[in-house]
Amino acid sequence: MSILQPSAASLYDRVQRVIPPIEWPAFSDDIDAIVALKRERNAVILAHNYQTPEIFHCVADIVGDSLALARKATDVDADIIVLAGVHFMAETAKLLNPGKTVLLPHTDAGCSLADSITAEDVRLMRKRYPGVPVVTYVNTSAAVKAESDICCTSGNALAVVESLGVPRVIMLPDEYLARNIAAQTKVEIIAWKGHCEVHERFTPADIRELREAHPGVTVLAHPECPPEVVAEADFAGSTAAMSDYVGQHKPARVVLMTECSMSDNVAIDHPDVEFVRPCNLCPHMKRITLSNIRTALEENRHIVTIDSQVAERARNAVERMIAI
């Protein structure tokens with residue numbers, strides 16, 4: 001995949017509203033090096049919506065939420081994929097591109113939600129509820145996906161659940177996503193007790209305080225937030241859905257109840273919208289930096305590998321989701 005890349009100097013125009021000029025020199029050398037390395041190594045960078053603007057807007061080739069990255073990963077014809085995100089996303093990219101080299105710039109870029117469940121937990125759930133299909137959120141390890149019937153994301157979870165045509169499903173591991181989907185369907189959902197450490201911290205009181213401090217603010221919430229938070233919001237949806245909402249409705253003032261870099265990335269495309277930023281950071285996403293992306297490309301770090309038997313079964317669950 002050959003992509004003509006601009007220099008760091010020309011890229012600053014994209015992010016000048018969210019990155020002060022005094023900070024830009026700290027990024028520009030790495031950006032120029034990454035641009036050159038991508039060209040030399042026939043590499044592409046996939047970046048999640050929670051990455052910081054200098055990554056998201058300046059070096060990434062493909063951006064989006066988990067579903068978008070999973071879908072677009074299947075079309076990548078580069079030799080190397082660098083995943084600017086967390087470990088389960090890099091595994092998903094590898095599942096869909098088994099013949100390519102997939103790099104994760106920092107090995108500790110994990111996920112509290114993915115860590116909340118193991119493959120053995122899924123097998124025990126199957127024993128407890130024999131015959132009930134397992135829908136697994138993509139925010140899980142390949143080993144957990146391999147024990148599942150089908151994957152889902154926050155953006156397509158309802159469609160996936162209802163596509164199975166069964167009266168009840170096991171939905172893992174995010175309890176709040178499961179409860180929020182259960183409120184929208186007649187399908188009985190058996191949930192797990194996993195939570196995202198970013199979204200679980202938002203409360204209905206936070207929203208009420210924001211409305212009082214910023215009259216007229218439109219509140220958008222991620223469905224990994226507790227149901228009480230979703231109920232207080234004006235709209236709930238995946239990061240892609242929240243971004244689309246801002247673009248379509250153009251609220252004068254908006255708050256995104258999700259990881260705070262998301263607001264910076266969406267704000268760049270909508271200068272006419274005022275963004276209120278309650279800042280809950282994901283420590284795992286923030287382990288990805290320009291510096292370690294550059295090192296990943298220079299030194300082939302860190303190569304993502306998956307056991308072949310696990311990979312085949314996990315790939316099936318992901319591909320069933322993408323087919324929907």
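## Exercises: cavities and an open sheet

The structure holds two cavities of 30 Å³ or more. This is a predicted model, where local features need pLDDT of at least 70, side-chain atom pairs count only at pLDDT 80 or more, and totals for chains, interfaces and linings use all residues. Residues are numbered from 1 along each chain as its sequence is written.

**Exercise 1.** Describe the largest cavity and its lining.

*Solution.* 
- Take the volume: about 270 Å³, the space filled by probe spheres set on the points.
- List the lining: 28 residues, with His48, Tyr50, Met89, Asn139 and Glu224 nearest the centre.
- Sort by class: 13 are nonpolar, 12 polar and three charged.

**Exercise 2.** Characterise the second largest cavity.

*Solution.* 
- Its volume is about 90 Å³.
- Its lining includes Leu46, Ser66, Phe88 and Val138.
- H4 and H5 each give two or more residues to this lining. Helices are DSSP runs (H or I, at least four residues), strands likewise (E, at least two).
- Nine lining residues are nonpolar, two are polar and none is charged.

**Exercise 3.** Which strands stand at the edges of the open sheet, and why is one side of each left without a neighbour?

*Solution.* 
- Write the order: E10-E9-E11-E12, with parallel pairing. Strands pair if DSSP finds at least two bridges between them.
- Find the ends: E10 (235–236) and E12 (274–276) each have a single partner strand, so one side of each lacks a neighbour in the sheet.

How values were computed
Heavy atoms only, no water. 1 Å grid on protein atoms, 1.4 Å probe; cavity = no way out; pocket = protein on both sides within 12 Å on 5 of 7 lines; lining within 4 Å. Nonpolar A, V, L, I, M, F, W, Y, C, P; charged D, E, K, R; others polar.
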